[in-house]
Amino acid sequence: MAQYLLQPRIEAIPLYLSPDDTSFLKTQMSSIEIEVTRLEIQISQLKCQLKKKKENLAFMYNILAPVRQLPFELLSNIFIEYYSLAIKRPRTIPSRKSLKPQLLLSQICSTWRQVAFGTPRLWCELRILLSPKGGISLPDIDTMMVDSWLARSGSLPLHILIAQWHPNSSLAPQNLLNRLVPFCNRLQSLCLALPLQCLLSFLGKQLAFPVLNKIDLTLFQNANKSEFSDVIPSFPQCRRFTTFLNALQLRTVKLNLSCSAYSNSSFLAQTVFMIPLPLKQLHSLHLELRDPGDYYSLADARSYFELLRNCQHTVVECRFVRCPAWLCDALLKVSGSMVFPALKVLCLEQWQEENEARFIQHITVPSLVTLRIDHSDYGGDDPSDSFSRHLIALHTRSSASLSTLELIRVRLMCTEDILSVLVVLPTLKHLKLNDCNLNTKLLMRGLHLCDSEGQTPIISKLESLHLVDFEVIPKGCENCIVDMVESRTVVNGDSRACFSTLTLAYRHHRITETMITRLNDLLLHLNLKAKY
């Protein structure tokens, strides 16, 4: 405070202003404010001019952009490549905020929209996933959009998927199916996951599928039983649905019966199998039964068995999931075995051990290349040597050149049983063993490629080994894995050309660094692929 009081007083500005001084200052202030306002207006105008100049400059840059110099044909090919990559990404349940790649491309600019609309290959596939929660609900879909979408595909073959996520929802996508009628002559693949009522109503129309190659039907009943009984026709009436019989190009059929706890699974299965199909021309057959109750209580095996028997001479690939017990009972009534002369791929998934063994005993597959047995969802843990004998008998009976064998959680066979099966498979090139709880030491010793005189090596043509298990048994025998790999890759300093891929994983056992180093050095030297 003392320093402040000692400062010199400002004499230039009097403490008291006269009226003239006040008037003069106010005049000056008004003049300055006017000038400030004028400058602000001028600045605003300059900013507007600057903004317009930048916009014009950006527009000119866009005109000169390399993408605008591309011919429409080349831009169309780029769109097709982008679409191909986009549909390969992992799919999630769609939401209203997500856009299909075709629509995303068409919203960039008018030129891109014109090119996208003029590229038929972008509009050959239509996927509609119906869901009352978090997805696309039926009222949100403009059925006219389906017409315009498919019309842009020109004359190219179409691939249609319409799926209802919740079997017990009240959605009725019948209008969507009706929109497909004018395009049936171009349908190449049709995938429907809908109530059986909708399918039968759709098939009741006089339709033609001249280029249809694949049908994938996942069918279920609604929770309302009374509604179901009012809509579903009787068995003789199902015979009139001859739509698919005229599909001369049909080669692949997949039937997935998803029976809810409220549905009559027996009635659903019998109704589906009464729908006529051109079975004698099929190359691929996939049958899957999913019943939360008794998987094997479906009655009347005649329709199911007829479907299998009628396509046995032409089918190339078969996948049976949760096959009911009565199919095996029907096989027992057949004299001799059922021969599948053209079958190359056979997948048996989630079967009961007894039914699976009985089925294997009554089939002959002379052209079999790939055999997959999957017990990941259902399968006992008690080993049984009879199962390995059935597989050996199947190979002896068929004399097939099996190339790929996949066993997923098949614990009916111990390590010795699996090795006994591998002994009779000299043509095997790819072996996959997942969660079979095997003795690692015995398995690796059995797979060790022995060149001693008088000893025949097991599967000497093996190219890839996929081994996933819980732990190494017994512990501390990791070196036997490296010895097996080395025996199949290096002999007297020369590399073998057969063995090329190794996938190795133990969930409850950490592979030692020493073992990984030895494997990496060996595989790197031989330019092989490995995953640990």
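Predicted model: local features only at pLDDT ≥ 70, side-chain atom pairs only at ≥ 80, totals over all residues.
Guide: Residues are numbered from 1 along each chain as its sequence is written. Local features need pLDDT of at least 70 and side-chain atom pairs count only at pLDDT 80 or more, while totals for chains, interfaces and linings use all residues, and side-chain values use heavy atoms, with hydrogens and water left out.

Visitor: How many helices and strands are in the chain?

Guide: Helices (H or I, at least four residues) and strands (E, at least two) are DSSP runs, numbered from the N terminus. Of the 532 residues in the chain, 44% are buried. Contacts between residues 24 or more positions apart form 82% of those with a separation of 6 or more. The chain holds 19 helices and 18 strands.

Visitor: How far apart are the end C-alpha atoms of residues 29-56?

Guide: UniProt, in an unreviewed entry, lists residues 29-56 as "coiled-coil region"; its positions follow the numbering used here, feature names are shortened, and annotations may be inferred rather than shown by experiment. In the model, this stretch is 100% helix and 0% strand. Its end C-alpha atoms are separated by 40 Å.

Visitor: What span should helix α3 have at 1.5 Å a residue?

Guide: The expected span is 1.5 Å times one less than the number of residues. Helix α3 covers residues 72-86 and has 15 residues.

Visitor: Why are the buried residues of α3 on the same side?

Guide: The residues concerned are Leu75, Ser76, Phe79, Ile80, Tyr83 and Ala86. They lie on the same side of α3 because the arc they cover around the axis, taken from the directions from the helix axis to the C-beta atoms, is only 145°.

Visitor: Which exposed residues does the face of α3 turned away from its buried side carry?

Guide: The buried side of α3 includes Phe79 and Tyr83. The face turned away from that side carries Glu73, Glu81 and Leu85.

Visitor: Is Arg152 buried, partly exposed or exposed?

Guide: Arg152 is placed in the loop between α6 (143-151) and β2 (158-164). Leaving aside neighbours within four places in sequence, it is in contact with Phe117, Pro120 and Trp123; Pro120 is 32 residues away in sequence and 5.6 Å away in space, C-alpha to C-alpha. Because its relative accessibility is 23%, Arg152 counts as partly exposed.

Visitor: Which residue in β12 is the bridge partner of Arg372?

Guide: Strand β11 (residues 370-374) has four of its five residues buried. It pairs in the parallel sense with strand β9 (residues 345-349) over five bridges, where Leu348 has Ile373 as its partner. Five bridges also join β11 to β12, again running parallel. In β12, the partner of Arg372 is Glu406.

Visitor: Which elements do the buried residues of α16 pack against?

Guide: Helix α16 spans residues 415-423, and Leu422 is one of its buried residues, which also include Thr415 and Val421. The buried residues of α16 pack against α15 (385-398), β12 (404-408), β13 (430-434) and α17 (440-447).

Visitor: Is His286 buried or exposed?

Guide: His286 lies in strand β6 (residues 284-290). Not counting residues up to four places away in sequence, it touches Val253, Lys254, Leu255, Arg319 and Val321. At 8% relative accessibility, His286 counts as buried.

How values were computed: Buried < 20%, exposed > 50% of the residue type's maximum accessible area, 1.4 Å probe, protein only. Contact = heavy atoms within 4.5 Å. Pairing = 2+ DSSP bridges.
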